[in-house]
Amino acid sequence: MSQSLIGPSDPAPVAEYNEAGTARVLVVCDHASRAIPRAMNQLGVEDWVLDRHVAWDIGAAAVARVLADALDAPAILAGYSRLIVDPNRPIDDATAFAQASDGIAIPANRNLTAEEKRRRTECFFEPYHAAISARLRTFHTQGVTPGVVAVHTYAPVLNRVVRRWHVGVMWDKDPRIAVPLIARLSTLDDLYVGDNEPYSGRHPHDFTLDHHAETGGLPYVGIEVRHDLVATDDGARKWGSLLAEALEAILSDEDLYRPLKA
């Protein structure tokens, strides 16, 4: 890669997990990492910022891996912080290169040139989405119409607003996974489930599922777990297992694996 921002000692821009998984489902995690390459000088932010939800989805990578193991599904996880470029945004959207998040300024994102945005896109955004596309092509080559499950987490408080949901299910035009998942999760005691809350799958910022699943009629769902519930290994294991159990019967329906016609 010419003029790469990723050095030889930095992690890869995308991680593939459980590549030999046999399920007809791909798990994706857009905001799995808070990593920033050394050459980017931490984007000018203090260390504590990288511990906050503005930099990554706390606990999401661990939940995604537990879920992938439980379902025996392959998973693809983004390798770097969304503060560099958000892989769940259209690249021409202003929020793809956030200048501030939850009141925290990101100095290195101010006044980015078109060339700087292009380099970030080439180094971080494109490899992640290329890996998703390649895996979906493998499914199609095998004659499989795969499902896609996107794993996110969210902050309990954002902009001083308390979010009371434990988990949110995100969807837009395709209800095949989302609606029965909401129904199943809602039967669990003391669990408050959001239907397109606290974020909505109908929002144009939901790029990954829109681009890779919805446009091709693939069954999909986005899942958002409140991050204080999964910030520990025990919490991530609990929620990954809970979500896998809720999804198992839904994903066993043979009628699911057909493209949804527009």
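Biologist: How many positive and negative side chains does the chain have?
Modeller: There are 26 positive and 36 negative ones, and the centres of the two sets lie 3 Å apart. Lys and Arg count as positive, Asp and Glu as negative; His and the chain ends are not counted. Charges are placed at NZ of Lys, CZ of Arg, CG of Asp or CD of Glu.
Modeller: Caveats: this is a predicted model, where local features need pLDDT of at least 70, side-chain atom pairs count only at pLDDT 80 or more, and totals for chains, interfaces and linings use all residues. Residues are numbered from 1 along each chain as its sequence is written, and side-chain values use heavy atoms, leaving out hydrogens and water.
Biologist: How many helices and strands?
Modeller: Six helices and eleven strands. Those are DSSP runs, numbered from the N terminus: helices are H or I with at least four residues, strands E with at least two.
Biologist: New topic. What share of the 262 residues is buried?
Modeller: Buried residues make up 53%. Buried means under 20% relative accessible area (1.4 Å probe, protein chains only).
Biologist: Which way do the residues of β9 point?
Modeller: Strand β9 covers residues 167-170. Val 167 and Val 169 point one way, Gly 168 and Met 170 the other, and all are buried. In a regular strand, side chains alternate between the two faces of the sheet.
Biologist: In what sense does β9 pair with β10?
Modeller: Parallel, over three bridges, with β10 spanning residues 193-195. Pairing requires at least two DSSP bridges between the strands.
Biologist: What is the bridge partner of Val 169 in β10?
Modeller: Asp 195.

Notes: Buried means under 20% relative accessible area, exposed over 50%, partly exposed in between (1.4 Å probe, protein chains only).
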